[in-house]
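This report concerns a predicted model of a protein complex. The sequence and the coordinates are shown first.

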Amino acid sequence: MKHNASRMMVALVTAAGIAMAGAACSSSHSSSKSSTGTNSADGVADGKPLDPNATVTITIDGAPGADQAANKASYADDLQAFKILYPNVTVNAKPYVGQVEDPPQFTASLKAKNETEAFHAYFTDKNQVLDSGDVTDISSYVNDQTVPGWSQLLPGVKQNLQDSGKTYSLPINYYTEGLIYNRDLFTKAGLDPNKPPTTWDEVEADAAKISALGGGVTGYEDYSGGNTGGWHFAGELDSLGGQMVNSDGTKAAFNTDQGKQVLQRLHDMRFKDGGIGPTPVTQWADAFPPLATSKVGMFLGAPDVIQHLVEVLGADPKLYGMGPIPGSTGPATGTLAGGDLYYFKKGLTPNQIKAEIAWIDFEYLTPGKGQFDFARSKALATSDKPVAIGIPQKFFWNPTSPQMTQVQSDLKTSATLPIDQYADFVNNPIAPVLEPPAAQQLYKVLDTAMSAAMTNANADPAKLLSTAESQVNQILANQ
Amino acid sequence: MAYALATERLHDGTERSTGRSSWKALRRAAGRNLRAHAFLFGALVCFALFTWYPMVREIIMSFQRVHRGQTTWVGLGNYRQITADPEFWQAWRNTAEFTALALVFGFAAPFCVAIVVNEFRHAQGYLRILVYLPVMLPPVAGILLFKYFMDPGFGLFNQALHFLHLPRSQWLASKSSSMPSLVVVSTWSNMGTATLVYLAALQGIPGDLYEAAELDGCNVLQRIRHVTIPQTRLILSLMAMLQIVATMQMFTEAFVLTGGGPEGSTTTVVYLLYNYAFSYNKFNTAAALGVIMLLVLACFSAIYIVLERRGSED
């Protein structure tokens with residue numbers, strides 16, 4: 001009988017444990033719900049900026065981490081300047097590292113509804129974030145009064161902030177892809193460093209010449225794994241006028257001559273003329289060390305690649321030039337676009353939303369302030385901690401807007417990078433193309449085609465694309 | 001009968017517990033083993049929170065879908081979706097290939113090393129440290145070393161092959177050699193622990209058995225066959241089971257070294273699960289895949305238990 005009583009004890013304790021687990025979960029839900037209650041002191045969604053006398057506390061991620069001394073100092077400086085404008089607003093800024101740069105952690109925090117009140121995400125995260133059901137519609141809060149320059153935002157940018165006609169986020173960064181190249185290797189290979197290739201035929205020919213330098217140098221490198229292969233396939237397809245999916249996003253549209261051209265050219269560069277070396281690049285970060293050490297002639301990338309090479313890997317900024325993404329026989333017809341933005345967690349009071357918008361506008365969307373205070377960033381740069389000012393970003397405003405005019409003017413006086421070396425990219429804008437639906441799944445499928453083209457001498461582009469097409473159609477049918 | 005429950009007789013002649021005395025009995029039981037139950041309670045709460053609850057939640061999630069914050073029940077929809085994905089079958093083939101290769105090489109290599117180390121009468125301690133060293137490296141750092149060793153252009157392995165006038169290999173960059181390359185990496189990383197376990201088992205074999213075998217004229221191979229293997233059968237079968245369970249969950253090597261390529265040749269089931277959850281944001285489909293994997297591993301465990309019982313009955 002003693003045995004029975006002990007068993008009962010174990011059962012009771014087990015039940016209590018499980019009940020506690022359940023209670024812990026349900027209590028977290030209820031506390032989140034209770035914060036949605038508002039009263040008059042919490043403000044109203046009247047489309048006006050935050051009342052400077054309102055007392056509000058907000059939390060936001062994206063603050064520079066301990067390893068970013070210069071950025072940390074300027075961020076603290078900005079918080080103080082913001083305090084002068086809104087003396088009663090307390091900004092709890094959470095560090096940048098982790099939630100922002102680590103996708104699994106980002107996903108976990110969304111699932112646990114543990115995001116900061118305003119949280120950073122990428123354009124491609126839209127479906128994931130909206131599916132979490134934990135974001136606020138800020139349509140009635142944003143206008144030219146609360147976010148100066150709102151009406152000047154590029155249509156492609158706004159499209160990423162909105163869903164079903166409602167606005168959910170504010171942008172802080174926007175880019176398109178171009179061709180990054182090593183000017184030093186161009187010179188050594190007898191090429192003109194001021195004239196980057198503008199067609200894929202030229203890229204192929206130049207890559208072969210650069211690879212011929214030997215010593216482990218490869219003319220061109222491209223991704224083939226970790227979803228980055230498919231991502232670059234999409235970018236190269238866009239440049240040739242192709243499309244990943246049809247206009248209503250229901251069928252694959254890449255199994256065309258343009259799609260085959262992308263794969264065939266990479267295959268030829270790898271196995272015929274040696275323009276691509278034998279080392280496959282399977283992860284996003286793999287591409288950068290050889291770029292930073294002058295082992296790669298050309299690479300397709302966003303302008304922030306240069307920033308990463310200079311600020312993180314300590315590469316010499318003078319090495320790199322940037323041109324527009326190459327096209328078929330002339331300028332490319334499209335270039336893949338992307339960017340970063342801030343969403344607003346559900347349950348914020350109107351004044352909290354207004355305060356978050358005011359801070360994001362101050363820190364990220366005001367020329368001359370925050371991230372656009374180039375003069376201050378330059379002053380904080382040191383020889384051992386370089387700051388890359390002047391990467392050729394598109395930013396997010398219309399090129400003729402007052403915002404862009406001021407940004408470009410400020411850059412001329414404060415750039416630490418050789419902005420003349422990016423003139424071809426800046427002066428030859430290519431139409432941006434948005435990423436396809438279910439982008440990451442499609443990219444994963446095309447990884448296989450890209451890796452086959454660059455690792456398998458017997459790869460058949462037509463067969464690879466047919467296989468990928470049927471897989472992508474299945475993915476799109478399940479959306 | 002100290003904990004007998006108090007009962008009352010009902011009108012129909014049956015008895016039922018009054019509950020009162022049973023509560024007293026329970027309190028007495030709890031009081032006598034208070035410390036043990038306190039420890040048990042902590043462990044059970046941890047298991048409930050971090051193992052059982054996520055498991056149950058995963059099973060529930062595998063029958064649901066989430067869209068724009070709304071959760072709906074979809075029955076076997078996620079299971080149909082995952083099994084219709086060509087990558088699903090490829091991932092299982094890849095996993096089976098890795099498991100089979102790891103069993104042949106990863107299982108045999110540490111056992112052979114343990115036998116060799118066991119034969120050394122001197123410097124056995126140093127050899128043990130040497131064998132165990134790779135385990136002390138952080139897993140990703142150890143695996144990353146092989147990225148440089150196996151570089152098809154200027155990697156150390158190809159330089160060595162070139163020096164020996166042997167043909168170079170593409171290692172991780174070819175569909176045919178990528179999986180065996182991962183087995184090499186995995187075997188190297190995990191060999192130390194398995195070798196020490198085998199070594200402990202070998203050192204538990206009574207020396208007179210070997211003496212008897214030698215007197216009977218057994219050579220080294222015969223001694224291994226007739227003494228070593230039968231004497232370590234239990235630990236060998238346990239390690240084989242653990243090896244199957246561990247290798248079927250291979251992820252780190254593929255994630256760090258190949259990103260699932262080339263041509264999807266190293267996308268394992270767990271890597272596919274990771275992709276569904278964190279790259280595609282399809283947690284419910286990932287949960288369905290996790291449940292399928294759980295069932296497969298449970299089958300292996302059941303087979304092991306049945307074989308083990310039969311073995312002990314024999």
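The paragraphs below treat confidence, the interface and the salt bridges in turn.

Residues are numbered from 1 along each chain as its sequence is written, and chains are lettered from A and ligands numbered from 1 in the order in which they are written. In this predicted model local features need pLDDT of at least 70, side-chain atom pairs count only at pLDDT 80 or more, and totals for chains, interfaces and linings use all residues, while side-chain values use heavy atoms, with hydrogens and water left out.

**Confidence.** The predictor assigns the complex an ipTM of 0.76 and a pTM of 0.81. Over residues 1-6 of chain B, pLDDT stays under 50. Where pLDDT is low, the predicted coordinates should not be read in detail.

**Interface.** Contact (heavy atoms within 4.5 Å) between the chains involves 52 residues from chain B and 49 residues from chain A. Together they bury about 4,100 Å², 62% of it on carbon and sulfur atoms; this buried area is the accessible area (1.4 Å probe) that two parts lose on being put together, summed over both. Three salt bridges (a side-chain nitrogen of Lys or Arg within 4 Å of a carboxyl oxygen of Asp or Glu) are counted between chain B and chain A.

Asn275(B) lies in helix H14 (residues 269-279) of chain B; helices are DSSP runs of H or I with at least four residues, numbered from the N terminus. Asn275(B) is buried, at a relative accessible area of 2%, where buried means under 20%, exposed over 50% and partly exposed in between (1.4 Å probe, protein chains only). Beyond four places in sequence, Asn275(B) contacts Asn227(A), Lys444(A) and Tyr280(B).

**Salt bridges.** Over all chains, the whole structure has 14 salt bridges. The table lists some of them.

| Salt bridge | Closest N and O atoms |
|---|---|
| Asp163(A) and Arg68(B) | 3.5 Å |
| Arg376(A) and Asp77(A) | 3.0 Å |
| Glu115(A) and Lys345(A) | 3.4 Å |
| Asp184(A) and Lys188(A) | 3.5 Å |

Glu115(A) and Lys345(A) are both buried. Arg376(A) is buried at 13%, whereas Asp77(A) is partly exposed at 36%. Asp184(A) and Lys188(A) both belong to helix H6 (residues 183-188) of chain A, four residues apart, about one turn of the helix. Asp184(A) is partly exposed at 31% relative accessibility, and Lys188(A) is exposed at 54%. Salt bridges with shared partners join Asp77(A), Asp78(A), Asp373(A) and Arg376(A) into one network.

Definitions and conventions. pLDDT is the predictor's confidence in each residue, from 0 to 100. Helices (H or I, at least four residues) and strands (E, at least two) are DSSP runs, numbered from the N terminus.
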